[in-house]
Amino acid sequence: MEIQILPNQFVFQRNGCTVYLKRDDLIHPTVSGNKFRKLKYNLSHAKAHHHSTIVTYGGAFSNHIAATAAAGQLEGFKTIGIIRGEELGVNLEKTLSGNPTLAIAHECGMDFDFISREEYRDKDKDRFRESVLKKYHNPYIMPEGGTNALAVKGCQEILTDEDEVFDFVCCAAGTGGTASGIINSLKSHQKALIFPALKGNWMQEEIEKYTINNKWELISDYHFGGYAKVNVELVRFINEFKRTYDVQLDPIYTGKMMYGVSRLVDEGFFPKDSRILAVHTGGLQGIAGMNILLEKKGLPKLHI
C-alpha cells in the first residue's frame with residue numbers, strides 16, 4: 001500500500017492558540033487514517049512469514065474490520081472477520097443491507113464468523129485462539145482494533161519532522177495503539193493529549209504497555225457516554241465543523257476529540273501561543289451506519 005503525504009491543515013486560531021489537523025484520513029483512498037498505519041507492518045510480517053489468511057475481530061460497525069478487508073484485498077490476503085453477535089449471521093443478506101460497514105468488508109472479499117457475545121468475551125484466551133488456528137489454514141491473527149507491537153511501530157510514523165513545531169499533539173483512542181505510537185515519537189518539548197472514546201480507567205494501563213515516556217495525559221471528559229454513544233450536541237458540533245472548516249469528522253473518535261480540543265481551547269487549558277496538532281485518524285466509513293441508528297432514534301443525522 002502506497003501512502004499519500006499531505007500537509008497539515010490549519011483549522012483555527014482562537015484564545016491565543018493555533019490548531020492544525022493532520023489529515024491522516026486522506027493518506028489512502030480505502031484504508032485511511034490509523035488503520036493504514038496499524039496494518040502496514042502487520043501485513044508485511046504476515047507476507048514475510050507466508051500467511052495467506054488474515055483473521056481479526058470486531059463489532060458490527062468496526063472501522064478495523066472494514067479496513068482489514070480492504071487492505072487484505074489490495075495485498076492479496078484472504079480475510080476472515082470474527083464478528084460479535086451471532087444473530088447477525090442468521091440472515092446475512094438482511095444484515096448487509098442494514099450495515100454499511102459489513103457490506104464494505106463483504107464487497108472486499110471478507111468472510112464472516114458471527115459468534116455470541118459470550119464467546120467474543122473469550123476471544124483472547126488461549127483456548128479460543130487454538131480453535132481459530134485449527135479452523136483456518138495458517139492464519140495470521142490480528143487483535144480487535146488492530147493494536148499490537150507492529151501496529152504501534154506503524155503509528156510511530158504518524159508524526160514527521162515538520163511536526164516538531166507543535167507543543168501539543170492530540171489523538172483519539174480506542175485500544176491505545178495509535179496513541180502509543182504518537183507518544184513514542186514525541187520530541188522532548190512536546191506533550192500528547194489522548195481522548196479515549198470509551199469509558200473506564202483501563203486505557204492508562206494499555207498505553208503504558210507500549211510507551212517509552214510519560215509525556216502524555218488522558219483527557220477522559222469527552223466520551224459522550226461511552227463507545228459509539230452520541231447525542232444531539234455532538235452531532236451539531238460535527239456538522240458545524242464541516243460547514244465551517246470543510247472537514248468531515250467521524251462521531252466515534254475524531255469528532256469527540258475535536259469537540260474536546262475546542263472546549264479546552266475556549267476554557268484556557270492551553271498556555272497562550274500554544275501550537276496544537278490534532279490527528280484525524282479516519283473512520284469516516286462509520287458515518288453511514290451511525291446515521292441509520294440516529295434515524296431510528298429520531299435524532300438529527302450527520303451531514304456527509
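1. Among contacts in the chain between residues at least 6 apart in sequence, what percentage join residues at least 24 apart? The share is 74%, where contact means heavy atoms within 4.5 Å. The structure discussed here is a predicted model, in which local features need pLDDT of at least 70 and side-chain atom pairs count only at pLDDT 80 or more, whereas totals for chains, interfaces and linings use all residues. Residues are numbered from 1 along each chain as its sequence is written, and side-chain values use heavy atoms, with hydrogens and water left out.

2. Overall form. The secondary structure of the chain consists of 12 helices and 10 strands; helices (H or I, at least four residues) and strands (E, at least two) are DSSP runs, numbered from the N terminus. The chain has a radius of gyration of 19 Å, close to the 19 Å that the globule rule gives for 304 residues, so it is as compact as a globular protein of that length. This radius is taken over C-alpha atoms, and the globule rule is 2.2 Å times the number of residues to the power 0.38. The C-alpha trace spans about 60 × 45 × 35 Å along its principal axes.

3. Burial and surface. Of the 304 residues, 54% count as buried. Buried means under 20% relative accessible area, exposed means over 50%, and partly exposed lies in between (1.4 Å probe, protein chains only). The chain exposes about 14,000 Å², and carbon and sulfur atoms supply 49% of that area. Accessible areas come from the Shrake-Rupley method with a 1.4 Å probe; for residues, only the protein chains shown count as cover.

4. The largest pocket. This pocket holds about 880 Å³ of space. On a 1 Å grid over the protein atoms alone, a pocket is an open set of points where a 1.4 Å probe fits, with protein on both sides within 12 Å along at least five of seven lines; lining residues have an atom within 4 Å of a point. Grid points are joined across faces, edges and corners, and a volume is the space filled by probe spheres set on the points. The lining has 41 residues, of which E144, G145, T175, Y227 and Y253 lie nearest the centre of the pocket. Elements that each supply at least two lining residues include α1 (33-48), β7 (168-173) and α8 (177-184). The largest share, four residues, comes from α12. By class, the lining has 15 nonpolar, 18 polar and eight charged residues. Here Ala, Val, Leu, Ile, Met, Phe, Trp, Tyr, Cys and Pro count as nonpolar, Asp, Glu, Lys and Arg as charged, and the others, Gly among them, as polar.

5. The second largest pocket. About 280 Å³ of space lies in this pocket. Its lining has 16 residues, and P29, T30, V31, S32 and Q285 lie nearest its centre. Helix α2 supplies the largest share of this lining, four residues. The lining divides into eight nonpolar, six polar and two charged residues.

6. Helix α2 and N63. N63 lies in helix α2. Is N63 buried or exposed? At 12% relative accessibility, N63 counts as buried. Not counting residues up to four places away in sequence, N63 touches K35, Y253, G283, Q285 and G286.

7. Helix α12 and the segment after it. The buried residues of α12 are G286, I287, G289, M290, N291 and L294. Their cover includes α2, α4 (100-107) and α10 (232-245). Just after α12, G298 takes a positive phi of about 70°. K301 also lies in the segment after α12, and it is partly exposed at 38% relative accessibility. Leaving out residues up to four places away in sequence, K301 touches V235, N239, N291, L294 and E295.

8. Most residues other than glycine have a negative phi. N15, which is not a glycine, has a positive phi of about 55°. N15 is found in the loop between β1 (9-14) and β2 (17-23) and is partly exposed at 46% relative accessibility. F224, also not a glycine, has a positive phi of about 60°. F224 is found in the loop between β9 (216-218) and α10, and it is buried, with a relative accessible area of 18%. Apart from its neighbours within four places in sequence, F224 is in contact with K229, V230, N231, L234, K256 and Y259.
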